[in-house]
Amino acid sequence: MKIVDVRVETFRTKSRMVRDSEGHTHPGPEHDSTGSLLRIVTDDGVEGYTFGANRSVIDGLVKPLLIGEDPFYRERIWQMLKERQRLHLGSLSDRVLASVDMALWDLAGRALGQPVHKLLGAFRDKVPAYGSTMCGDDLEGGLDTPEAYADFAVKCVERGYPAFKLHTWQPPYEGAPSWKRDVEACRAVREAVGPDIDLMLDPFHYYSREESLYLGRALEELDYYWIEEPMDEHSTSSYVWLAEQLDLPVVGPETAEGKMQTRAEWIVRGASDISRGGVGDLGGITPLVKTAHLCEAHGVKMEVHGGGPGNLHVLCAMGIPGHYYERGLLHPFVDYEQPSPWLNTLTDPMDDEGYVHVSQEPGLGWDINWDYISAHTIA
Ligand code: MG
């Protein structure tokens, strides 16, 4: 089997998400938007798909490398792309590698008639989820006060989530960042949901060492399950300093570049208690599995960052925790149970007990609404 085409198809769609001046997403008025589908085509007629790829990068840097390759040589292709990144750091990001790698896994599953987690070596078919909020805002009835977080956490617990993670306020919102206000929100949520729900915090990412320590100690008193990325992750020493002083597990790194090598360095240095990575941070399913094995060999847990089918299939192939699937981002104004218009069904359906079930369909389990895409294709 050989790859004969790699292309990005764009289509018109609608969105209710808007970005603030710092780039964080919040609910907003419906507006026109553009979606994209990465399609890898073989001479056998089997194809693989992912959503959200950049056409110019795929056309210019990825397609010339992939044409003629056997799509089952995922490791070789991934290493070629990784090698190519060195001279194209500004454009060939780990997210691009992730899109290509996931499409290749999707293709392999479709070719072999198996879901990806079974190709990887399955461990489970469902994973408990935590409800992961959007960042704080100033929308009345949204996530504008500590009490608003508490009310929303109660709704999530009623929906079935066994755990809940706050993303609190970041600039440009008035008063942000404030570790004291973060603690107020965390306390309000703990008091609202009681002692039996796992709670986590992802705050402003550029607190000082001292602010992070105050915040962490407050979360210890509130019996939180973890804190993630309270400081710039490029300062590994700061995380060593923090993790030494807190009993509260520190999770990371998440956004620091360097794929599994950075995770290895953090483990060796004791910079976090639980490692972290997702397909988008690391460059696909292929390096996320390497990271899971790295963590297992060191006796370290890994919590997977972000949702979507790539992360879910890896979680279902991990014999060590990764305990939770990150479901969201959630907000009181957003109906997360509604699939995107280009999909017929959700990729992460959750039952009333809070378990997300992985697709048993071949590949990643995209249930694509081809009629919608073809009716909205941009020429
Ligand atoms: Mg995070």
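1. Helices (H or I, at least four residues) and strands (E, at least two) are DSSP runs, numbered from the N terminus. This is a predicted model, in which local features need pLDDT of at least 70 and side-chain atom pairs count only at pLDDT 80 or more, while totals for chains, interfaces and linings use all residues. Residues are numbered from 1 along each chain as its sequence is written, and side-chain values use heavy atoms, with hydrogens and water left out.

2. Asp202, in strand β6 (residues 198–202), and Glu228, in strand β7 (residues 226–228), are 26 residues apart, and the pair links distant parts of the chain. Asp202 and Glu228 are both buried, that is, under 20% relative accessible area with a 1.4 Å probe and protein chains only.

3. Which helices each supply at least two residues of the lining of the second largest pocket? They are α2 (74–85) and α9 (259–269), and α2 gives the most, with four residues. Here a pocket is an open set of points on a 1 Å grid over the protein atoms alone, where a 1.4 Å probe fits, with protein on both sides within 12 Å along at least five of seven lines, and lining residues have an atom within 4 Å of a point.

4. Of the 13 residues that line the second largest pocket, Gln85, Leu89, Asp94, Gly258 and Lys259 lie nearest its centre.

Note on methods
Buried means under 20% relative accessible area, exposed over 50%, partly exposed in between (1.4 Å probe, protein chains only).
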